[in-house]
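Reader: Please show me the model, and let us then examine the grounds for the labels given to some of its residues.

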Amino acid sequence: MKRPQIIDRSRDEHFMRLALAQARLGAEQGEVPVGAVLVQDGEVVGEGFNCPILRHDPSAHAEMVAIRAAAQGVQNYRLPGSTLYVTLEPCSMCAGLIVHARIARVVFAASEPRAGVAISQGQFFDQGFLNHRVLVEGGLLAEESGALLKDFFKARRG
């Protein structure tokens, strides 16, 4: 599938920086620093960071938290026309949710070579059986996101 170019780089960068701020909040609480921000009509409608440890919930990935908050906030389980900014390439669980929520676009920072399914371990969003198409763009502020993750794990091992 042809990958679209980032539509508005300065706008995308602004929202990705908000996602990075969420990731830092998670890191401060001992969670793996991944953050997400969901934007609809130019407004943030949901945000979150990884918090499976804090919530005792294996599904509490940053994307899940942000999408749940957005759906509750707009009172709709569908989020058409929205863009999800996330600091790490989505896993299969989150990718499924993105499709079910009808999110239009995903912009992620760092790739996830072990479990990412947008580009790293397959192209989930390109599968013909899906009933919704998601535009995907990767690599925006990837170095900053990658450094945040590396520093977090280095500190945990140190």
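Predicted model: local features only at pLDDT ≥ 70, side-chain atom pairs only at ≥ 80, totals over all residues.

Reader: What makes E63 a residue of note in the record?

Author: The unreviewed UniProt entry carries the annotation "active site" for E63. In the model, E63 belongs to helix α3, which spans residues 62–74.

Reader: Why is E63 called buried?

Author: The relative accessibility of E63 is 3%. Buried means under 20%, therefore E63 counts as buried.

Reader: Which residues are in contact with E63, leaving aside its neighbours within four places in sequence?

Author: They are A36, L84, V86, L88, P90, C91 and C94. Each of these has heavy atoms within 4.5 Å of E63.

Reader: Why is D41 called exposed?

Author: D41 has a relative accessibility of 75%. The term exposed requires a value over 50%, so D41 counts as exposed.

Reader: What is the phi of H56, and in which loop is H56 found?

Author: H56 has a positive phi of about 55°, although H56 is not a glycine. The loop in question runs between α2 (52–55) and α3.

Reader: How do you know whether H56 is buried or exposed?

Author: The relative accessibility of H56 is 73%.

Notes
Residues numbered from 1 in each chain as written. Heavy atoms only, no water. UniProt positions renumbered as here; feature names shortened; annotations may be inferred. Helix = DSSP H or I, 4+ residues; strand = E, 2+ residues; numbered from the N terminus. Buried < 20%, exposed > 50% of the residue type's maximum accessible area, 1.4 Å probe, protein only.
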